[in-house]
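Please read the following notes with the structure open beside you, and take the points one at a time.

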Amino acid sequence: MFLTRRFYIALAVVAGIIAAGYLYAPLFDIGRWLLLLFTMLCIADFCLLYGKRGISAFRQCGERFSNGDDNDVRIPVESTYPFPLAIEVIDEIPVEFQQRDICFRAGLAAQGEQTIRYRLRPTRRGVYAFGSIRVFAASPLSLLQRRYTCGQPQQVKVYPSYLMLRQYELLAIHNHLTEMGIKRIRRVGNNTEFEQIKDYVVGDDYRTINWRATARRHQLMTNVYQQERSQQVFCLIDKGRVMQQAFRGMTLLDYAINASLALAYVAMRKEDRAGLVTFADDFDSYVPASRQQGQMQTMLEVLYAQQTLFGETDFSALSTHVNKHVAKRSLMVLFTNFWGTVELRRQLPYLKQLNRRHKLLVVFFEDAELADYARRRADNEEEQFRHVIAEKFIYEKRLIAVTLRQYGIAALLTTPDSLSVDVINRYLELKQQSL
């Protein structure tokens, strides 16, 4: 049982009237009768609330949450009391969210029900534990509150962003992928696989004319090409300390994992095969390239518990094991980060070795917060020095991209927010160019 604010206010008023009775005698008797009435109301309120168990509530949420996305949580609350109630609902959410103000106030009609809805946005993968649901009910008198402990503690696994994959799927079904920023790449047929021969129509490329077929049929015939299929696309995810940098509550590793899943989904819709490699100081997880129905779930399970390490990344082990496991020439999308050109020079020989057998795309991150700081106006001399240092870091990032391209390695410098869309667009461009 808990006492409400109305209880203390009423008690203070009654005590004040009784105290005033020492100055004006009739108020003392009035105060005594008011105290008796107040006591009777409290007893009545207690009987109303504790006469029966009249509140039930439970939590409705998915068995798994999507990392970096808003996940819906619902709490249906039902009353069997024959009178309306004022309720406060407190949900014991996982400690990872560091929120202790999840309290919802609502009204329940007589024998009515109400559904509390809210959203949670996790920023780390792993197992999250919910506690119980506390419901504080007050009758129309609102002098006392009865606490109900409802629901059961439950655990929810936080997976990489699968809600984003559903969004891509819905947009793809309605051909609205351009709304996500994904470019519509025009397909050119003279550098892809042969499909069939057809009659020439005005507008066909003269370079596709099949002169032998034309001579046999005595009319112009052209070759029809289709985009190459069943190519292999591997996402190589660096788990070293460089991927521990946080942006809006999520590490770069989390952004890389979400982008890898989005890229794998789009690649499989393009009839390519998607695979996965994670590495740090050693070659870690390996998922062979495939486009079978359960491939996305397999990748989700592998990426679910991946965490960054504090050691330095070993690109030599990556190069050795990738060349050992992947024999067919593939597109290797490497998600990593470089702080400067010195670090790049140390890993460049292994990147060149990877690029010789496969097509390597190095994806690394631009510090969006540093770029915002550099764009601000410097108000004093100290700020000007800081701006110069920030611009130096930004310049080194761009220099890294230029250096990689000089050695024939495709490079993509992007922000964490734009990572998924930029990687998919670059994949479509490389696929169009048959590189």
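This is a predicted model: local features need pLDDT of at least 70, side-chain atom pairs count only at pLDDT 80 or more; totals for chains, interfaces and linings use all residues.

1. Threonine 222 sits in strand S14, which covers residues 221–226; helices (H or I, at least four residues) and strands (E, at least two) are DSSP runs, numbered from the N terminus. Threonine 222 is buried, at a relative accessible area of 1%, where buried means under 20% relative accessible area, exposed over 50%, and partly exposed in between (1.4 Å probe, protein chains only). Leaving out residues up to four places away in sequence, threonine 222 touches Gln196, Ile197, Lys198, Asp199, Tyr200, Asp204, Thr208, Ile209 and Asn210, a contact being heavy atoms within 4.5 Å.

2. Residues are numbered from 1 along each chain as its sequence is written, and side-chain values use heavy atoms, with hydrogens and water left out.

3. Which strands pair with S5? Strand S2 (residues 55–57) pairs with S5 (residues 71–79) in the antiparallel sense over three bridges, and here two strands count as paired if DSSP finds at least two bridges between them. Within that pairing, serine 56 has glutamate 78 of S5 as its bridge partner. Strand S3 (residues 60–61) is also antiparallel to S5, over two bridges, with glutamine 60 partnered by arginine 74.

4. How many disulfides does a search of the whole structure find? The search finds zero, a disulfide being a pair of cysteine sulfur atoms within 2.5 Å. Cysteine 61 is accordingly in no disulfide, and the nearest cysteine sulfur, that of cysteine 150, is 16 Å away. Cysteine 61 counts as partly exposed at 21% relative accessibility, whereas cysteine 235 is buried, with a relative accessible area of 1%.

5. The salt bridges come to a count of 13, each defined as a side-chain nitrogen of Lys or Arg within 4 Å of a carboxyl oxygen of Asp or Glu. In general, side chains of opposite charge can pair when their charged atoms come close. One of the bridges joins the side chains of arginine 59 and aspartate 91, at 2.7 Å from N to O. Arginine 59 lies in the loop between S2 and S3 and aspartate 91 in strand S6 (residues 85–91), so this pair ties together parts that are 32 residues apart in sequence. Arginine 59 counts as buried at 10% relative accessibility, and aspartate 91 is buried as well, at 4%.

6. Arginine 125 and aspartate 254 form another salt bridge, with their closest N and O atoms 2.7 Å apart. Because arginine 125 lies in the loop between S8 and strand S9 (126–130) and aspartate 254 in helix H5 (residues 252–269), the pair ties together parts that are 129 residues apart in sequence. Both of these residues, arginine 125 and aspartate 254, are buried.

7. A salt bridge also links the side chains of aspartate 272 and lysine 431, at 2.9 Å from N to O. Aspartate 272 is in the loop between H5 and strand S18 (273–279), and lysine 431 is in helix H11 (residues 419–432), so the pair ties together parts that are 159 residues apart in sequence. Aspartate 272 and lysine 431 are both buried.

8. Glutamine 111, in the loop between strand S7 (103–108) and S8, has a phi near 50°, a positive value in a residue other than glycine. Serine 142, in the loop between strand S10 (133–138) and strand S11 (144–150), likewise has a positive phi, near 55°. Are these residues buried or exposed? Glutamine 111 is exposed, with a relative accessible area of 59%, whereas serine 142 counts as buried at 16% relative accessibility.
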